[in-house]
Amino acid sequence: MLSVTVLGGALIAAGLAVPAAGEATTGGHGGVTVEPGMARPGDEVKVSVPGCEAGAVSSPAFARARLAGGAASVIVRTGTESGTHTVRVRCDGRTFSGAFRVTSRLTWPPLLPTG
């Protein structure tokens with residue numbers, strides 16, 4: 001019979017091997033940030049670009065949206081295939097890009113607080 005300590009340690013180790021669901025992704029310095037960086041169809045994600053207060057947001061994974069106050073909340077389309085999806089924001093004549101992952105599987109919640 002496994003002890004609670006061994007079982008707990010195994011669960012924590014398994015959780016650390018899986019990327020945190022709340023992890024943001026970005027297209028690089030000055031790029032698009034998507035939080036969380038991994039979502040399922042039907043989930044809401046927040047898209048933002050530092051220094052861009054208003055702009056057009058587009059991705060094959062969700063309906064077009066507009067940044068307001070530097071951010072936009074969008075819903076990942078039902079039926080979106082698992083994988084990495086590009087997000088583009090057009091702001092002041094420039095285009096910024098980033099990406100996030102869509103998964104059909106349940107993800108582990110972050111085990112440790114971030115910040």
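Ile75 counts as partly exposed, at 46% relative accessibility; the scale used here calls a residue buried under 20% relative accessible area, exposed over 50%, and partly exposed in between, with a 1.4 Å probe and protein chains only. Ile75 sits in strand S7. Helices (H or I, at least four residues) and strands (E, at least two) are DSSP runs, numbered from the N terminus. Leaving aside neighbours within four places in sequence, Ile75 is in contact with Gly42, Asp43, Glu44, Ala61 and Phe62, where contact means heavy atoms within 4.5 Å.

A word on what we are looking at. This is a predicted model, in which local features need pLDDT of at least 70, side-chain atom pairs count only at pLDDT 80 or more, and totals for chains, interfaces and linings use all residues. Residues are numbered from 1 along each chain as its sequence is written, and side-chain values use heavy atoms, with hydrogens and water left out.

pLDDT is the predictor's confidence in each residue, from 0 to 100. Its mean over the protein is 78, and 64% of the residues reach 70 or more. Where is it under 50? Over residues 6-30, for which the model has 40 contacts beyond four places in sequence. Where pLDDT is low, the predicted coordinates should not be read in detail.

Now the overall layout. Of its 115 residues, 31% count as buried. Among contacts with a separation of 6 or more, 47% are between residues 24 or more positions apart.

On to strand pairing, which requires that DSSP finds at least two bridges between two strands. Strand S4, residues 44-48, pairs with S2, residues 33-35, in the antiparallel sense over three bridges. One of the bridge partners in S4 is Ser48, which goes with Thr33. S4 also pairs with S7, residues 71-75, again antiparallel, over five bridges. There, Val47 has Ala72 as its bridge partner.

Val47 comes up again in the core. A nonpolar core is a set of buried Ala, Val, Leu, Ile, Met, Phe, Trp, Tyr and Cys residues joined through side-chain atoms within 4.5 Å. The largest one has 21 residues, and those touching the most other members are Val32, Val47, Val57, Phe62, Val87, Val89 and Phe100. At least two residues of this core come from each of S4, S6 (62-68), S7, S8 (83-91) and S9 (94-102).

Next, the cysteines. How many disulfides are there? The count comes to one, taking a disulfide as a pair of cysteine sulfur atoms within 2.5 Å. The bond joins Cys52 to Cys91, with an S to S distance of 2.1 Å. It links distant parts of the chain: Cys52 is in the loop between S4 and S5, Cys91 is in strand S8, and they are 39 residues apart. The torsion about the S-S bond of Cys52 and Cys91 is about 120°, so this disulfide is right-handed. Both Cys52 and Cys91 are buried.

The loop between S4 and S5 also holds Gly51. Gly51 is exposed, at 78% relative accessible area. Gly51 and Gly70 are 19 residues apart in sequence, and their C-alpha atoms are 7.2 Å apart.

Ser59 belongs to strand S5, residues 54-59. Is Ser59 buried or exposed? Ser59 is buried, with a relative accessible area of 11%. Its side chain makes polar contacts, meaning pairs of N or O atoms within 3.5 Å; within protein, one must be able to donate a hydrogen and the other to accept it, and residues adjacent in sequence count only if both atoms are side-chain atoms. The side chain of Ser59 reaches the backbone oxygen of Thr86 at 2.8 Å, and a polar atom of that side chain lies 3.1 Å from the backbone nitrogen of Ala61. Not counting residues up to four places away in sequence, Ser59 touches Arg77, His85, Thr86, Val87 and Phe100.

Last, two points of backbone geometry. Most residues other than glycine have a negative phi, and most peptide bonds are trans. Asp92 is not a glycine, yet its phi is positive, about 50°. Asp92 is in the loop between S8 and S9 and counts as exposed, at 71% relative accessibility. The peptide bond between Glu35 and Pro36 is cis, with omega about -5°. Pro36 is in the loop between S2 and S3 (38-39).
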